[in-house]
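Welcome! Take a look at the sequence and the structure below, and then follow a few questions and answers through them.

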Amino acid sequence: MRAKDIMTESIVCVNVKETVFDAAELLLGAGVSAAPVVNDKGNVVGIVSEADLIHRAEIETAPRKSWLLRLLDSEATAARDYVTSHARKVADVMTREVVTASDDATLGELVELIEKHRVKRIPIVRDEKIVGIVSRANLLGALLSREPDGAVGLPDDKKLRHAVVEAFDRQAWKSRWPVNVVVSDGVVHLWGFVEGEEVRKAYRVAAENVPGVRKVKSHLRSIPAAVGMGV
């Protein structure tokens with residue numbers, strides 16, 4: 001799946017010429033916490049969020065610093081704080097460093113951008129024009145779209161056991177100790193020893209992901225310390 005498959009296409013945008021009051025009204029009316037800022041050509045030039053609009057002189061929420069912090073602040077920092085709390089134009093308070101992606105970006109690339117830049121949403125662009133936006137909610141929707149509906153035409157227990165064993169054999173975390181797989185009426189039973197709780201959990205998850213498995217009952221146990229030390 002790619003960005004174009006999951007993005008929200010009905011985008012709420014703020015024109016760079018608008019005021020902070022226009023932006024606040026738009027965010028409230030649309031029920032969103034942030035919106036891309038675009039120029040007259042539809043190019044993304046910034047993003048404005050609730051966080052950019054809540055520290056305002058008009059409502060007496062401008063940051064109040066102690067005398068020590070004011071003493072340590074540079075003139076540039078003090079000037080920037082003043083602009084943030086007093087400027088009337090969106091262009092003066094918006095975040096200019098906008099992380100964007102193409103509509104052909106994979107979901108993996110989108111998640112990487114979200115985590116790397118610590119943002120909640122990614123504007124999607126095509127030919128430098130904004131065409132959509134992908135939020136973390138869109139990614140959750142993509143996950144739900146892949147939820148298994150339940151196997152149709154369940155494989156017999158012998159084939160299911162073979163599929164589960166194959167799934168284990170492909171994993172780098174496979175235990176060096178034998179793990180026995182028993183399948184009865186689609187229920188997978190796991191017996192044996194593994195190197196700790198994380199590996200035990202990984203076995204269960206790998207079995208659950210095999211199509212046709214109705215349930216997994218793990219009887220796996222952690223290798224005793226004495227055995228692990230070669231005693």
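Contact here means that heavy atoms lie within 4.5 Å. Please keep in mind that this is a predicted model.

Q: Which residues does Phe168 touch, not counting residues up to four places away in sequence?
A: With neighbours up to four places away in sequence set aside, the contacts of Phe168 include Val181, Leu190, Ala206 and Ala207.

Q: Which elements each supply at least two residues of the largest nonpolar core?
A: The largest nonpolar core has 17 residues, and Phe168 and Tyr203 are among those with the most contacts inside it. At least two residues of this core come from each of α9 (157-169), β7 (179-184), β8 (187-194) and α10 (197-208).

Q: How many residues does the other core have, the one that lies apart?
A: Ala3, Ala105, Ile122 and Val131 are among the residues of this other core. The core they belong to has 15 residues.

Q: What kind of aromatic pair do Phe168 and Tyr203 form?
A: The structure holds two aromatic pairs. In the pair of Phe168 and Tyr203, the ring centres are 4.7 Å apart and the planes meet at 75°. Planes over 60 degrees apart count as edge-to-face. The angle of 75° therefore makes this pair edge-to-face.

Q: How many residues apart in sequence are the parts that the pair of Phe168 and Tyr203 ties together?
A: Phe168 belongs to helix α9, while Tyr203 belongs to helix α10. The pair therefore ties together parts whose separation in sequence is 35 residues.

Q: Is Tyr203 buried or exposed?
A: Buried means under 20% relative accessible area. Tyr203 has a relative accessibility of 1%, so Tyr203 counts as buried.

Q: Which residues do ring pairs link into a cluster?
A: Trp173 and Tyr203 also form an edge-to-face pair, with ring centres 5.0 Å apart and planes at 75°. Trp173 lies in the loop between α9 and β7, and Trp173 is partly exposed at 27% relative accessible area. Ring pairs link three residues into a cluster: Phe168, Trp173 and Tyr203.

Q: How far away from Asp52 is the nearest side chain of opposite charge?
A: Asp52 sits in helix α3 (residues 50-53), and its side chain reaches the backbone nitrogen of Ser49 at 2.9 Å. A salt bridge needs a distance within 4 Å. Asp52 is buried and has no salt bridge; the nearest side chain of opposite charge is that of Arg121, at 8.7 Å.

Technical notes:
Residues are numbered from 1 along each chain as its sequence is written. This is a predicted model: local features need pLDDT of at least 70, side-chain atom pairs count only at pLDDT 80 or more; totals for chains, interfaces and linings use all residues. Side-chain values use heavy atoms; hydrogens and water are left out. Helices (H or I, at least four residues) and strands (E, at least two) are DSSP runs, numbered from the N terminus. Buried means under 20% relative accessible area, exposed over 50%, partly exposed in between (1.4 Å probe, protein chains only). Lys and Arg count as positive and Asp and Glu as negative; His and the chain ends are not counted. A polar contact is a pair of N or O atoms within 3.5 Å; within protein, one must be able to donate a hydrogen and the other to accept it, and residues adjacent in sequence count only if both atoms are side-chain atoms. A nonpolar core is a set of buried Ala, Val, Leu, Ile, Met, Phe, Trp, Tyr and Cys residues joined through side-chain atoms within 4.5 Å. Rings of Phe, Tyr and Trp (its six-membered ring) pair if their centres lie within 6.5 Å; planes under 30 degrees apart count as stacked, over 60 as edge-to-face and the rest as tilted.
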